[in-house]
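User: I'm new to reading structures, and I'd like to know how the terms are decided. Could you take me through some of them?

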Amino acid sequence: MPLSPRLEFRQTQSLVMTPQLMQAIKLLQLSNLDLVAYVEAELERNPLLERQVEPNGERSAEGEGGGEDGGNREGADAHSAHDGHDGHEGRDGNEAHDSQDPHDPHDPDGRADGLGQERDSQVTDWLEERLGASRSAIEDRLDTTLDNIYPDDNGREPASPPTPMGEGPAYSEWAGVGTGGRDDEGYNLEAFVPAETTLAEHLEGQLSLAITDPAERLIGLNIIDLIDEAGYLSADLSGVAERLGAPVETVNRVLETIQTFDPPGIGARSLSECLALQLRERNRFDPAMAALLGHLELLARREFAMLKRVCAVDDEDLAEMVGEIRRLNPKPGLAFGSGVIQPIVPDVFVRGTPDNWLVELNSDTLPRVLVNQAYYSRVQKATRNDREKAFLTDCMQTATWLTRSLDQRARTILKVATEIVRQQDAFLTLGVQHLRPLNLRMVADAIGMHESTVSRVTSNKYMATPRGIFEMKYFFSSSISSSDGGEAHSAESVRFRIKQMIDAESPDDVLSDDTLVQRLREAGIDIARRTVAKYREAMRIPSSVQRRREKQAALSAG
């Protein structure tokens, strides 16, 4: 058959990932903090989007202006009353009196002239008192009158006498303000909040007092730069000495000085050295403690019998030494420059009612944006070319799709959360022991969505329940079959049972993994020994041998 080109018509169906669809999928898996940041970026980029303001949060322009004028009037009245009471005036008071027209209809009694004469008398008395000469003598010497002012003076009188503390316009401006500072919109209270001191700054401040030699201080600054956030020095001192061209002995001496700084244990090169520095600070570093710090691996394995032989102590002394080591800080540098801990804000609230559970969205985590149709209509009429029209059309489509995507995201989260609450009703009522096994497919089939959609919705989302705040992923756990053919058990509930049994064990009856398996099977849970060991290690619970040694040591110390 010869090859030749030809035209054919075909009708096919395919899924096209448009930018709008990708945006909607992206919004589903964003947390509330990431969503707020994304919407803020869109508000800056898209001129047709605007933030929706709640009715109770709006303030009219008249109200704001009236409040501002009212505040100024109150300040002016307070200023005038204060000046009239004390008989002193500031610069602002002089300007106000100079601008007063003697024929002002608002001053029919000529009070301005009287105040002006009183002010001139005060200025004259102050000049005679300070300069030791009368006004007429000064005017004869200058060959002019004191009322003769120059244009550069801007119509101001000579400076008024110094205002005593607690008087004048500067005091009146702050008179109606409490301890918080000025009562205006431009006042920034955060400017008075001190910045958090970092570990490097804390050590550098001590270095400037402890070491005076410039060369050794330079070595100390380099060593401080190499200390990590936990307070450990991971660099090799020989490399520091080679880089700075200094003797290794000098670098060691500077490091020993830094290791005496606060917090105790700073600048250590290992955990044992960090603990030893803290014990020296407490004057508790003896040969027995040095032997214990040299065998921390035995302490981690709870080999107390071997530690007693190594340290040459009895049970009581060993228990006291172990307790003292546990009170030390293995990471002293974390006390400085720690990052801000962001609290968890739930996306969904679950409240109990007499008949059912009430599921509602947290409105504080939902950004509210609107499309400004009026602005779009006004700008559309002023477009001059196709490029401007295309940009405006793209902004309109993006804004419309964003508002729809946010609404769809909220509805989907509420639908998935409602189904999770319905499936885990026993957990909310009775506790974690009754947590049912649940997977994405069960929720997706119940609400008519795809598993990937449910997975995106439950990512980085939190639910506030009467039992506490849980991540939505917490309610999805694998199932463990029942030994008697009954209903399957959730893996989370099995872990909770294991922890309960281990917490309730006595020093004389420590449960091994085999014993735990036997007791779980008696409770109707078919589970393997390796699964119990995996759950125990995930909860960071030591083995039965280590737990027995630790309990016996604690019993001997008691």
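**Helix pairs**

Analyst: Let's begin with two helices: the axes of helix H23 (residues 513–522) and H24 come within 9 Å and cross at roughly 110 degrees. This is a predicted model, where local features need pLDDT of at least 70 and side-chain atom pairs count only at pLDDT 80 or more, while totals for chains, interfaces and linings use all residues. Residues are numbered from 1 along each chain as its sequence is written, and side-chain values use heavy atoms, leaving out hydrogens and water.

User: What makes H23 roughly perpendicular to H24?

Analyst: The crossing angle is roughly 110 degrees, and angles of 65 to 115 degrees count as roughly perpendicular (under 35 is roughly parallel, over 145 roughly antiparallel, the rest oblique). Therefore H23 is roughly perpendicular to H24. Such angles run from 0 to 180 degrees between N-to-C directions, with axes fitted to C-alpha atoms. The helices themselves are DSSP runs of at least four residues (H or I), while strands (E) need at least two.

User: Which residues of H23 and H24 make the contact?

Analyst: H23 brings Asp513, Asp514, Leu516, Val517 and Leu520, and H24 brings Arg529, Val532, Ala533 and Arg536. Contact means heavy atoms within 4.5 Å. By class there are five nonpolar, no polar and four charged residues. Here Ala, Val, Leu, Ile, Met, Phe, Trp, Tyr, Cys and Pro count as nonpolar, Asp, Glu, Lys and Arg as charged, and the others, Gly among them, as polar.

User: How do you know that H20 is roughly perpendicular to H21?

Analyst: Helix H20 (residues 440–447) and helix H21 (residues 451–458) have axes that come within 8 Å and cross at roughly 110 degrees, which means H20 is roughly perpendicular to H21. Leu440, Arg441, Val443, Ala444 and Ile447 in H20 meet Glu451, Val454, Ser455 and Thr458 in H21. That contact has five nonpolar, two polar and two charged residues.

**Exposure and backbone**

User: Why is arginine 540 called exposed?

Analyst: Exposed means over 50% relative accessible area, buried means under 20%, and partly exposed is in between (1.4 Å probe, protein chains only). Arginine 540 has 79%, so the residue counts as exposed. Arginine 540 lies in the loop between helix H24 (529–538) and helix H25 (544–557) and has a positive phi of about 60 degrees although it is not a glycine.

User: And what makes asparagine 460 partly exposed?

Analyst: Its relative accessible area is 40%, so asparagine 460 is partly exposed. Asparagine 460 also has a positive phi of about 60 degrees without being a glycine, and sits in the loop between H21 and strand E5 (462–465).

User: Why does leucine 414 count as partly exposed?

Analyst: Its relative accessibility is 30%, so leucine 414 falls in that class too. This leucine 414 is in helix H18 (residues 386–423) and touches Val359, Glu360 and Leu361, not counting residues up to four places away in sequence. The C-alpha atoms of leucine 414 and leucine 361 are separated by 6.6 Å, though the two are 53 residues apart along the chain.

**Cavities**

User: How many cavities of 30 Å³ or more does the structure hold?

Analyst: There are two. A cavity is a set of points on a 1 Å grid where a 1.4 Å probe fits but cannot get out, and lining residues have an atom within 4 Å of a point. The second largest cavity has a volume of about 40 Å³; Asn32, Asp347, Leu361, Thr365, Leu366, Arg409 and Ile413 line it. That lining divides into three nonpolar, two polar and two charged residues.

Technical notes. On a 1 Å grid over the protein atoms alone, a cavity is a set of points where a 1.4 Å probe fits but cannot get out, and a pocket is an open set with protein on both sides within 12 Å along at least five of seven lines; lining residues have an atom within 4 Å of a point. Grid points are joined across faces, edges and corners, and a volume is the space filled by probe spheres set on the points.
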